[in-house]
Structures are given as structure tokens and as C-alpha cells.
Amino acid sequence: MLRRTHTCGELRESHIGQTVNLNGWVNSYRDHGGLVFIDLRDRFGLTQLVFDPEGAANPSMHEAARKLRNEDVVAVRGTIRTRIGGENPKLATGKVELVVSELEVLNKTDNPPFLPDDFGQLPNEEIRLKHRYLDLRRTTMQKILTTRHNVMRATRNYFHENGFLEVETPILYKSTPEGAREFIVPCRNVPGTFYALPQSPQLFKQILMVSGCDRYMQICRCFRDEDPRADRQPEFSQVDLEMSFVRREHIMEMMEGFVRRVFGEVLGITVPALVRMPYRECLERFGIDRPDTRYGLEIKDISEIAAKCDFKVFKDALAKNPTARQFYSKKGVVKAIRIPGGAEKLTRKLTDGYSEWVKTFGAGGVAVVKTIKTPDGNIGFETGIAKFIDAPTVKPELIAALGLQVGDTVLFVADTYAVATKTLGELRQKVARDLGIVPEWGKMWNFLWMIDPPMFERNKDTGKWVALHHPFTAPRDDQAAAFVEAAEDDDETLESIVSAGYDVVLNGSEIGGGSIRIHDRAVQSKVFQLLGLSPEQAKEKFSFLLEALSYGAPPHGGIAFGLDRLVMHLVGSDNIRDVIAFPKTQIGADLMTRAPSSCTEDQMKQVHIKSTWVPPV
């Protein structure tokens, strides 16, 4: 084989006159009767090849060139010259071409189900995933893989420079309650027992801190048996780290440096200091703990004003007044969003559709009014609930509270705090998409730290306490005494205990999350108790952690960045499958390898299991 001396993306005018060897795939073929032109492709770029029958020492080579087709694999030798017929400014190699003197056809291709270019219409994703080896040949996909590589390289370099050790943690693990379903693996040597694939290396990295590792990092694989979504996969990668003898500030400072390094090296972007926004403020202003702050449409609580309205929906919602022993999320509220210019931009069909759409979040509907200019030149209301809010005791306060102007639309939701907040948080994003006010990729990068989330929240179905982040998160320093007091009584004030947690949010997407950990065994045991684990259950599941915390555990904390989600932002994709070389479908299937697949009875017998699944008739 003619071993390549250069790649298809590096040839320039400085190479004119040189004899070079190239290897690659035929990207396009043009036969001009005498001359044959081939664009040869590898992952580095394209080079135009010229087969000239008059200058060819071997006439059979020209005939072989005329038989080449897209995706054939070839090796060529030739001389670089100035491109005849004019420069191609779209190519980095567009000023030169290679006049071929020797051709070796390394492999002919069958007729492919689609051509791996970015110009024609791509087939549906199912076909692309089934033939992923073809899809990955596309220039776009090669650039994504390169970006992912560059992120991983920058990550390792940054943390190495800051004194971190990269330590690999086990994939075969012990089942622990972290909130999601686990993939379990039967153990052949101990019948009736199972490993679990790790949802994260959380406990191992805490053990490493107890072990004196001090600063740990790893680009690790994690597994969650959840229904995949556009930004989730059953197996994914994360940048995982932990630090000893630190407070929250130290970790946040370290991670801001990491974000600046990655975005600086990959996109050439200078990331300023990250804004910090408490969890409760995120919910109050944006209805979600990962707010997209690139546009307005902020939520306002107008409960005090709404209480003066004679509108039954408002009155019924505000009558939901929990006792001191009930949690805050059940309090009745009325919230609103002002849509500037919405009177013209939001049609009746859209706003009617919103009322149906919000029912998926538990809300009864959306009340709507539009602002108009009255004959006396002031602001008035029309449509929807206009007659209820046009009262002299309500109208001026509402206009002032929402900053209303003529031509605005106001969307109201009245319900419990939890329902109204979540509903308007989701509706705000939908309205922004409908109005086309979400900035295009690359136009704006809004980072923030979400800080001070609660340690616990009530499960809406069971009423039991659950850890908002995970059960190893410590209370914020100034909340430690309040936590102990509330935990002793299992009091509803636990909902107000703030943790030392933090998330990195970028343009409405959580790209990283972490916390300061509990390093005191007594506190950790109390958390397990609050979450419904008996001492025996806690010992069964976490004896190694509790024992480790008894032998001089240092204060420590950490964070994990979703590598796949981070790359999605860097390349401008909204589909996580685009940034993973071999992803799963929405049902967790690998269409190329046809995984998951069945096992033989003998295989199952060896690991002491049987399938209870019965095929449908």
C-alpha cells in the first residue's frame, strides 16, 4: 500500500512541486470526458485529485479512475500543483490539487444506504444509527468527535496542572439508592447476588478523600436505567472530581477556572465570573432551578393583588393555606408572566393551546388578558379575565407590579406554589420558543451558579422526605445547627434547611452539579434515618462509608460535569446522540450491534437466573 505522507486537509501552496501520498475515501467523482476529478476525503479534510490521460504513464490507471465511485477507499501518489480552473475558497486545500501518477484501489464499496455528506438530505436517525460507521464519516460528525477529544484533553491538562490525581473507580459496584433505576449484573460465583453498574462514582470518590487522595478526578462512565431523552442516555460520561479540606468557595473557584479553560480552548470564548443565584430566587423569577437568563419573561408573584379580585379561580387557589406542619409547596399562589408585545404576537389559538398544554403539569389552565389603550390614553384590559382585574383597587397595582405597556399579554396561573411555579417555568420557555426570542447557538453564553438548594423535599406521592441532590450532601455551614434541631423532631422546617449544594447552569441547561459532603458519621446516619432507612438498612447498604467516616474523614466536596451535555453546547446540538460515537435510541437500543439481545438458557443458567418475560401472543 502507498503509505500516506500527508493528510487530505494539510496541503497548501507551500507544497507545490512536491510528490506526496494520500489515503482516503472518494468523496465525489466528476468525469469530464478526458480529465477525471476526485475529491479525496479523510478526517482532516478534502483534496482534489486530477487524473489526466495524456500525462499518465500507465493508461490502465486512468481507466481504473473512471470506475471509482463515492466511498471507495484508495491510495494515490502524485505531484502538487496550483489548482487549474480557479481556487475553491470553501476548502482549506482549495488553492492546490494533486495530479495523480499512481493509484491503488484499497477497497471497493457496495452501494451505501446513504452518502456521508452534509449537503444532501440526511436519512432519518434510525437509518443513521443502524449504519453509524457511515454517519460518523460525515465532516460534521468528525468535527464533533474532535471537539469531544479536545474537551477531554483540556480537562485532563487543567486538573493535572491543579494537582489532581486521575483514579479509576469500579464499574461492577454495589446497589445503592441514588434516585434512578440501576442496571444489575448477576454474579456467577455467588449465586443469588448481583452487582450494579454505577450511577456515579460518588461513594468511591468520598472514600478516596478519606484515604488521603486529597484531589481526585476522572472522566468516567455512568449508568442509569432511565427512559432516554434528547439530553440523556442510559450510559453517559461525566467529568468527576472531589477535593479535601475545602469549602464551597474553593470548589466553585476551581470549576470556574475549568469552564474558562474549556470554552477558551475549544471556542475561543472568554467566560466572565459566573453569576450566583440562590435556588429560591431561581424558582421565584424563572420557575425552575436551571434558568435560561438569555431572555426576560420573568415570573411575578401577584398573590396579594389577586386577593383583591372577585375571580373565583384566584380565590380558590389562595384559599389553600397550609398549616405550620405542612410544607411550603402546598401554599396557594397566583403568578403571572408579562409578554411584551404579546397582544399582536400571541394568537388566540396559541393562548388557548397553552391552557391545554399546562394541564400536563397539574395546572387547571391559563388565564389571559391583553393590554389596550383606552380612550383617555391609559392602559386597559381586554379578553379573558379583563373584567375582574379592571377594578380600581386592582388595575393600577397590577400595571405597576408587572410593568405593563399597551400591547402586552399577561398569562396567569393560580394553584399551589409547587404547581404554579413549575407550570410557569415550563410555559415561559415554550412562549420564548414560540416567539422566536431564544438566541441562536453561539450568540450568547449565560452561565450561572445555582446555589443554596434545600437538603430535602417531600415526595408528592408518598409524602416521605427525599434528598434533593443525594443523601451525602451536607447542610450549608450556617444551617448545621438548624438541621440537627429539625432532624430531631422530623419537623417540616426541614424543607427550609439549605444545603451546601451548587449547580453550573448554561443557557437553561444544568451542565454540572455537586456539593460539600457530610464528613461526620452521626450527621450521615441522621440523614439516612430521615430518608426512611433503618439502622440495619443503612448498615447493609453503607457500612463501608459509615465506617470510613469514623476514621478521620476530612471535610470534602466535589462536583460532576456532564461531558456529553457540555459537548452538546460546544457544538450547538440539541440531541445528545449527536455527540456520542455509538449512542442508544430512545428505548435504549443500539441499532448497529442490535443490543440488547437475548441470552441462551445455558448462559442464564450459569449465572443462576431465569427470565419471567412471556412474549405477547
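**View 1. Surroundings of R148 in a predicted model.** Leaving aside neighbours within four places in sequence, R148 is in contact (heavy atoms within 4.5 Å) with R221, S237, L563, D564, V567, V579 and I580. R148 is found in helix α4, which spans residues 139-161; helices here are DSSP runs of H or I with at least four residues, strands are DSSP runs of E with at least two, and both are numbered from the N terminus. R148 counts as buried because its relative accessibility is 11%, where buried means under 20% relative accessible area, exposed over 50% and partly exposed in between, with a 1.4 Å probe and protein chains only. This is a predicted model in which local features need pLDDT of at least 70 and side-chain atom pairs count only at pLDDT 80 or more, while totals for chains, interfaces and linings use all residues. Residues are numbered from 1 along each chain as its sequence is written, and side-chain values use heavy atoms, with hydrogens and water left out.

View 2. Strands of a sheet pair through backbone hydrogen bonds, in either a parallel or an antiparallel sense, and two strands are taken as paired here if DSSP finds at least two bridges between them. Strand β6 (residues 165-166) runs parallel to β9 and is joined to it by 2 bridges, with L165 standing opposite Y216.

View 3. Strand β1 (residues 19-32) pairs with strand β2 (residues 35-42) in the antiparallel sense over 7 bridges, and the bridge partner of W25 in β2 is R41.

View 4. Most residues other than glycine have a negative phi, and most peptide bonds are trans. D452, in the loop between β17 (447-451) and β18 (456-458), has a positive phi near 60 degrees, and D452 counts as buried because its relative accessibility is 14%. N507, in the loop between β20 (501-506) and β21 (509-516), has a positive phi near 50 degrees, and N507 also counts as buried, because its relative accessibility is 11%. The peptide bond from A595 to P596 is cis, with omega near 0 degrees, and P596 lies in the loop between α18 (563-571) and α19 (601-606).

**View 5. The whole chain as context for the close-ups.** The secondary structure of the protein comes to 19 helices and 22 strands, and its C-alpha atoms fill a box of roughly 95 × 80 × 60 Å along the principal axes. Buried residues make up 48% of the 617 residues. Among the contacts with a separation of 6 or more, 68% involve residues 24 or more positions apart.
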